[in-house]
Amino acid sequence: MKKLGILGGLGPMATAYFFQLIIQMTQAETDQEHIESIIYNCPSIPDRTQFILKKSTCSPLPSMMKAIQKLVGQGVDICAIPCITAHYFHKELTTAVSVPVVHGIEETASYLKQRNIKKAGIMATDGTVQTMLFSREFEKKGITCIYPSALGQSYIMELIYKNIKAGLPVEIDKFHTVSEELYASGAEVILLGCTELSMIKKDFSVGSGCLDVMEVLAKCCVEMCGAHLNTQYNELIT
């Protein structure tokens, strides 16, 4: 099997959960059947959303490039970044290393295309939304992105930054309010497009029709590394 490199710390709890997903998704009866992995947990990397929205002049890209090059220097064959907003820098990162860097958003678009999904509701950071990261990839597959209202988007940011990242209780009512709004606007599925939102799915019932982008990323990593995927993860939409 190929060795997986994980550029983590964006944030730390999401990184830990991503690695847990890799283990859970791998069909293995012995330790030796799991994927060899190296995690570089680098929480000092500057906030991606703040830089993208020009609220900070501190670019996360140099630190990310340095970290991913260290992973490649340690012999990894494939890299993954369990931070969806960080995919804004995907092109620069792929040119900085000689191994594939899995594109979670692109893989999610393909996953939905295979299931004939035409409209997807997007829950993500302001940085991801305003840079149209999902829209650019999804349009290539004929999928329309539906975004929350201004109030709904503020709820998503509060869930990400004031709840999960801050280590405080999740205001799950806000999640369901945004979810219902997106369905009412025509969404066929709701995408959890931020790894902090993945933590909500881990601990709460999010209802039917949700797809966690981090789960898609983990599934792709398991398959690309040559491990066997647990059959329970063939279908990721709740």
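Start inside, with strand S4, residues 119-123. Of its 5 residues, 4 are buried, so the rest of the structure largely encloses this strand. Keep in mind that the model is a predicted one.

Which strands flank S4? On one side sits strand S5, residues 144-146, and S4 pairs with S5 in the parallel sense over 3 bridges. To find this pairing in the structure, look for Lys119. Its bridge partner in S5 is Thr144. Strand S6, residues 189-192, is also joined to S4, here by 4 bridges, and these two run parallel as well.

Now widen the view to the whole sheet. It is an open sheet of 4 strands, in the order S5-S4-S6-S7, and its pairing is parallel. Which strands form the edges? They are S5 and strand S7 (210-212), and each of them pairs on one side only. Neighbouring strands here are turned by 35° against each other on average, if direction is ignored. At the S7 end, S6 and S7 pair in the parallel sense over 3 bridges. Ile190 marks the spot: its bridge partner in S7 is Cys210. Helix H11, residues 213-224, packs on this sheet. H11 touches S6 and S7, and its direction makes about 50° with that of S7.

There is another sheet to find. This open sheet has 3 strands in the order S2-S1-S3, and the pairing is parallel. Its edge strands are S2 (37-41) and S3 (78-80), each pairing on one side only. On average, neighbouring strands of this sheet are turned by 20° against each other, again with direction ignored. Strand S1 covers residues 4-8, and S1 pairs with S3 in the parallel sense over 3 bridges. Find Ile6, and you will see Ala80 of S3 opposite. A helix belongs in this picture too. Helix H3, residues 61-73, lies across S1, S2 and S3. H3 runs at about 155° to S1.

Rolling a probe the size of a water molecule over the atoms shows where empty space is left. Take the largest pocket. About 220 Å³ of space lies in it. Which residues line this pocket? They are Gly11, Pro12, Met13, Ile164, Lys165, Gly167, Val170, Glu196, Met199, Asp203 and Phe204. Two helices, H1 (12-25) and H10 (195-203), each supply at least two residues of this lining. The largest share comes from H10, with 3 residues.

The largest cavity has a volume of about 90 Å³. It is lined by 13 residues, and the closest to its centre are Arg48, Cys83, Thr85, Thr125 and Lys165. Helix H2 (48-52) and H10 are the elements that give two or more residues to this lining. The cavity lining divides into 5 nonpolar, 4 polar and 4 charged residues. Lys165 links the two spaces: this residue is in the lining of the largest pocket and also in that of the largest cavity.

Finish with two single residues. First, look at Thr131, in the loop between helix H6 (126-130) and helix H7 (133-139). Is Thr131 buried or exposed? Its relative accessible area is 13%, and buried means under 20%, so Thr131 is buried. Leave aside its neighbours within four places in sequence, and Thr131 is in contact with Ile52, Tyr88 and Arg136.

Then go to Gln24, which is found in helix H1. Gln24 has a relative accessible area of 33%. That value falls between the 20% and 50% limits, so Gln24 is partly exposed. Setting aside its neighbours within four places in sequence, Gln24 is in contact with Asn230 and Tyr233. Gln24 and His34 are 10 residues apart along the chain, and their C-alpha atoms are separated by 9.7 Å.

Methods
Residues numbered from 1 in each chain as written. Predicted model: local features only at pLDDT ≥ 70, side-chain atom pairs only at ≥ 80, totals over all residues. Heavy atoms only, no water. Buried < 20%, exposed > 50% of the residue type's maximum accessible area, 1.4 Å probe, protein only. Contact = heavy atoms within 4.5 Å. 1 Å grid on protein atoms, 1.4 Å probe; cavity = no way out; pocket = protein on both sides within 12 Å on 5 of 7 lines; lining within 4 Å. Points joined across faces, edges and corners; volume = space filled by probe spheres on them. Pairing = 2+ DSSP bridges. Axes fitted to C-alpha atoms, helices over the stretch in contact; angles between N-to-C directions. Nonpolar A, V, L, I, M, F, W, Y, C, P; charged D, E, K, R; others polar.
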